[in-house]
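Hello,

Here is the structure I said I would pass on. My notes on it follow below.

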Amino acid sequence: MGEVIVITSGKGGVGKTTTTANISTGLAALNYKVVMIDTDIGLRNLDVVMGLENRIVYDIVDVVQGNCRLKQALIKDKRFENLFLLPAAQTKDKNSVNTDQMKELVGNLKPEFDYIVIDCPAGIEQGFKNAIAAAERAIVVTNPEISAVRDADRIIGLLEAAELHDPMLIINRLRPAMVKKGDMMNIVDVEDILAIKILGVVPEDEAIVISTNRGEPAVLEQTSKAGQAYRNIVKRITGEDVALMNLEEADGLVSKLKKLMGIK
Amino acid sequence: MIKQDSVSIKGSREGIFLHLDPGLDFQILKQEIAQKLSDSQSFLAGAQVICDFGTREVAPEEIGELENLLKSFKLELKRVSNSSPTLKAATGIRENSMSSEAASSGHKIHPYADEHTLLINKTLRSGQSVNYDGNVVVMGDVNAGAEIIAGGNVLVMGALRGVVHAGAAGDPDAVVTALRLKPMQLRIADQITRAPDEAMEEPDVPEIARIRDGVVTIERYVPSERQARTR
């Protein structure tokens, strides 16, 4: 039976969809059978980030309304045989699906897959309720800024109320240089307020912008720091114990030499 | 037969309002109150009662009698009020409330003599709200965006970052204590203070907030002091 994980945040634009794409691709790269469900009906993005937009024929609303069979709506990924996407509908809205339908849908997918990763829409309305209805585990994505942390806090409260316990936190788009100067919240600041387990910290990385535009998840890029962070997160999801990576900016030649000579 | 609506009971945030028919003889009124209360005793037990005599003139002894009657039902007389007919007509509600202490001449009534305490065994997160008549104790943090409205004191065994209203029913002796007191906004009784706009030093010791000389003041919590209000 597969494990159902929802990726949520409350606030928009913190990187839920990017996280969903990278975690799912990363899991698939480790040979797990994975399906992503985009529940952001009306504002779907996951298909674009995965570069699968042109393959959509049926979507989640078609499945729920019985216009097609579940298998017909699942899109196979370009890179991995064992990775699938159930896209959101673009022409409907969040109320086209209810929580019971969502539970049934996920229940039908569970025996077939190792991981079911649900991309939650921003907000706390019907779309959010649908996304968490069938989830067994929640990953809350936030940015190291006060508004995103506030929303994450609200979401954690709502997850608790929905009996989805022990959510885990991904701090996304951290800029180590700014943290060093004291211009950005650091990991401890965020941890202090939210007081939940940190699953990973993803640094701000241009590679993400490029990979998103290309429809190629950064988790596959060996040279990208964000990609490395996502690979570590994926390993932690599968139960492997991986230490948080050092996010200090790569040292320049001069500082490396200084270090060698013992000058700080 | 006693008229059905000579006594009416209404709930409010302050407590239970007893509206009493001003035209009725006081002894009959007492019987009527007793009957009404015995119907709903278990439901109301422990509550505070505000008696509205309407246009009736009440004698101090009568208030004492009433207080004893309420006590036998485990209720507590918080205050009494009466109003002139003109004022009542103008506002539709009883105003002109006179303090029960003044009315019962030396008959001191503690407004919160029997407060209950609510223990919250988790962190209150943004969007979560607690509204309770008695004291509130939180074993966790109160995050920004969360709120507590308490009739009595508030004690936070963690960081208080949200909004707290202690003594919400008007008790100026209520206090707010937290291991790390850094609230968005702090209200005690009818006093409101907010965090300064400039960044300030974060407290690293438990602190207590209370009203001193009409202003909410925050000071370091010293356990040896008699911090809570005296009963």
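**Contacts between chains A and B**

Three salt bridges are counted between chain A and chain B. One salt bridge joins the side chains of Asp153(A) and Arg125(B), at 2.8 Å from N to O. Five residue pairs are in polar contact between chain A and chain B, both residues being at pLDDT 80 or more. Please keep in mind that this is a predicted model.

Helix α7(A) gives the most, with six residues. By class, this side of chain A has five nonpolar, one polar and five charged residues.

In terms of contact, 11 residues of chain A meet 11 residues of chain B. The area buried between chain A and chain B is about 840 Å², and carbon and sulfur atoms give 37% of that. Within chain A, Arg150(A), Asp153(A) and Arg154(A) lose the most area to chain B, together 51% of what that side buries.

Leaving aside neighbours within four places in sequence, Ile116(A) is in contact with Glu3(A), Val4(A), Ile5(A), Val35(A), Ile37(A), Val106(A), Leu109(A) and Lys110(A).

Regards

Definitions and conventions:
Residues numbered from 1 in each chain as written. Chains lettered and ligands numbered in written order. Predicted model: local features only at pLDDT ≥ 70, side-chain atom pairs only at ≥ 80, totals over all residues. Heavy atoms only, no water. Contact = heavy atoms within 4.5 Å. Buried area = accessible area lost by both parts, 1.4 Å probe. Salt bridge = Lys/Arg side-chain N within 4 Å of Asp/Glu carboxyl O. Polar contact = N/O pair within 3.5 Å; in protein donor to acceptor, adjacent residues only side chain to side chain. Helix = DSSP H or I, 4+ residues; strand = E, 2+ residues; numbered from the N terminus. Nonpolar A, V, L, I, M, F, W, Y, C, P; charged D, E, K, R; others polar.
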